[in-house]
Each structure stands twice: as C-alpha cells, then as structure tokens.
Amino acid sequence: MEILSTQNARVKEWASLLEKKHRDKLDKFIIEGIHLVSEALRSDWDIQYIVYDTEKGVPAELKEDIAGYSGGAQYVAVSQAVLEKCTDTRTPQPVFAIVHKRNALLSSLLKEDSAMVMVLDGVQDPGNVGTIIRSADASGAKGIVLGKGCADLYNPKTIRSTMGSLFHVPVLEADLAEVLPAAKEQGMKLVSTSLQAEVSCYEYDFRSGGWIVIGNEGKGISAETAALVEEHVLIPMQGQAESLNAAMAATVLLFEAMRQRGRRG
C-alpha cells in the first residue's frame with residue numbers, strides 16, 4: 001500500500017494520535033524511529049501499521065525483526081510530507097508504527113510475593129516517567145503502576161524516554177486508592193523516600209521485595225497514598241543538594257534493590 005497525500009483519512013487518524021484525547025479514544029499510539037519500532041517487533045506487541053518512507057523503503061535494520069514478527073501488521077509506504085505530518089520529532093524519522101495499547105493486569109503483578117514493583121504517584125514529567133520505566137526494566141523490576149496524575153504513558157516524549165523499555169516491562173495504569181490496598185492485602189511492603197526517615201536505603205532490606213512509591217516532583221506522594229505507605233527510607237547525600245529528582249531517586253532505589261537481590265527482579 002502507498003499513500004502520498006496528507007489529506008488521506010488514514011493519515012489524518014495517524015496524525016491525531018499525537019494528541020492524548022485521540023489516543024484514548026482509539027486505544028492506539030504512535031512510535032517513531034527504527035529503534036522503537038524494532039523493540040515493538042521483537043516484543044510481539046500488537047502493531048497495526050508500519051509506515052515507512054516510500055523513497056527509502058523499509059529500513060534494512062528492521063528486516064530481521066520483521067521476519068521474526070508473528071503479528072499481522074500492514075506495511076504502508078508514504079511520502080515525506082506524510083512522515084512530517086504524523087511525527088513529533090523535529091527531524092522526521094524514516095519509519096513509524098501505529099500500536100495498540102496494552103495495560104498490565106494487577107493480578108499479574110501480585111503473583112510473586114517477593115517481586116519489586118515501581119509505583120508512580122502524580123509524576124508529571126514525561127521524561128521522568130519514561131526514565132523510571134527504563135530503570136525498572138534495567139533493574140529487573142516486575143512491573144510499574146502509574147497512578148492518576150502521572151504523565152501520559154503514550155505521550156511521544158514519554159515513549160522516547162523509555163528507549164523501548166515500555167515493550168519489555170508490564171505497566172498498569174490504575175487508581176492507587178484501589179491498587180495499593182490490594183497489594184497490602186497480598187502482603188506487599190509499600191516503601192517510599194522521606195527526608196525524615198531514619199533508615200538509609202542501603203540499610204533497608206529489599207531482598208524480600210516491595211512496592212517502591214515515588215511521588216510528584218514538587219509535592220511528593222499524595223496524602224491518600226502516604227496513609228497507605230508503612231515504610232520510609234532516606235537516600236543519603238553528601239553534597240549541597242536537598243533532594244534528587246523523581247527519576248534519579250527511583251533509579252537509586254531500584255538498583256540498590258537489584259544489588260541486594262542479585263539476579264532476581
């Protein structure tokens with residue numbers, strides 16, 4: 001299939017996915033560039049369209065991944081004008097894909113009572129959300145829970161910041177007021193950071209797992225969430241900075257947990 005006009009109905013739908021309201025309505029999102037498309041293919045996500053520059057053809061870097069992909073994606077060649085209309089980056093990528101959303105199941109995150117799970121409460125910066133997902137993937141966490149008020153998981157900036165980890169670690173978008181009590185009932189420990197905490201994150205025992213809660217960049221975790229968190233740790237610092245940003249704090253805790261737990265997630 002080849003589409004050259006930016007007025008094509010399918011092209012207009014693709015371009016609409018740059019806005020959250022349309023992503024929510026259609027339950028799809030757009031990913032840009034060879035790396036992200038490759039990661040989606042390797043992870044066998046439900047890809048509807050793979051769209052590429054008609055003059056350059058399908059990028060050679062994707063051909064092996066395409067050969068191993070079990071899904072039913074349609075391949076569409078388009079003009080440079082269409083690429084520019086449908087992509088968020090300043091310099092249009094030679095390929096993008098339209099992908100169906102996937103929401104993790106709470107039951108899958110509760111299966112292992114010693115798992116590490118990252119919980120985000122009102123983290124609003126797309127770069128922070130994406131980086132935390134990337135760190136959770138790298139450290140072997142079993143999943144991420146995004147509460148209300150977080151940056152949109154499918155915002156192009158969030159997706160780019162994950163560097164493809166979105167396709168490797170389960171992400172659940174849910175109301176923390178419902179999810180966290182369910183986790184506690186299953187015996188999961190809820191732990192967050194606090195400048196007033198007496199226990200260092202390097203002294204805290206992560207070996208039996210836990211759900212690490214990271215709050216809003218400026219306000220921290222909400223009062224409702226704080227009422228559910230029973231354990232707090234301090235990230236020791238020697239310099240003049242008062243605190244770390246959300247992504248840095250999450251990464252420190254995730255990798256300390258990984259160090260303590262060896263190869264387990």
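This is a predicted model: local features need pLDDT of at least 70, side-chain atom pairs count only at pLDDT 80 or more; totals for chains, interfaces and linings use all residues.
Residues are numbered from 1 along each chain as its sequence is written, and side-chain values use heavy atoms, with hydrogens and water left out.

**View 1. Trp14 and Phe96 form an edge-to-face aromatic pair.** The structure holds six aromatic pairs. Rings of Phe, Tyr and Trp (its six-membered ring) pair if their centres lie within 6.5 Å; planes under 30 degrees apart count as stacked, over 60 as edge-to-face and the rest as tilted. For Trp14 and Phe96, the values are 5.7 Å centre to centre and 80° between the planes. Trp14 lies in helix H1 (residues 9–16) and Phe96 in strand S5 (residues 95–100), so the pair ties together parts that are 82 residues apart in sequence. Helices (H or I, at least four residues) and strands (E, at least two) are DSSP runs, numbered from the N terminus. Trp14 is buried, at 0% relative accessible area. Phe96 is also buried, at 0%. Buried means under 20% relative accessible area, exposed over 50%, partly exposed in between (1.4 Å probe, protein chains only).

**View 2. Trp45 and Phe167 pair edge-to-face.** Their rings lie 5.0 Å centre to centre, with 85° between the planes. Trp45 sits in the loop between helix H3 (34–42) and strand S3 (47–53). Phe167 sits in the loop between helix H8 (156–162) and strand S8 (171–173). The pair therefore ties together parts that are 122 residues apart in sequence. Trp45 is buried at 3% relative accessibility, and Phe167 is buried at 6%. Phe29, Trp45, Tyr154 and Phe167 form one aromatic cluster.

**View 3. Leu195, Met237, Leu244 and Met248 make a nonpolar surface patch.** The patch covers about 360 Å². Patches are made of residues with over 30% relative accessible area and no salt bridge; like charges are joined within 9 Å, nonpolar side chains (Val, Leu, Ile, Met, Phe, Trp, Tyr) within 5 Å. A salt bridge is a side-chain nitrogen of Lys or Arg within 4 Å of a carboxyl oxygen of Asp or Glu. Accessible areas come from the Shrake-Rupley method with a 1.4 Å probe; for residues, only the protein chains shown count as cover. Met237 lies in the loop between strand S11 (231–233) and helix H11 (246–261). Met237 is partly exposed, at 34%.

**View 4. Cys150 is buried, and so is Cys201.** Relative accessibility is 17% for Cys150 and 0% for Cys201. The disulfide count is zero, where a disulfide is a pair of cysteine sulfur atoms within 2.5 Å.
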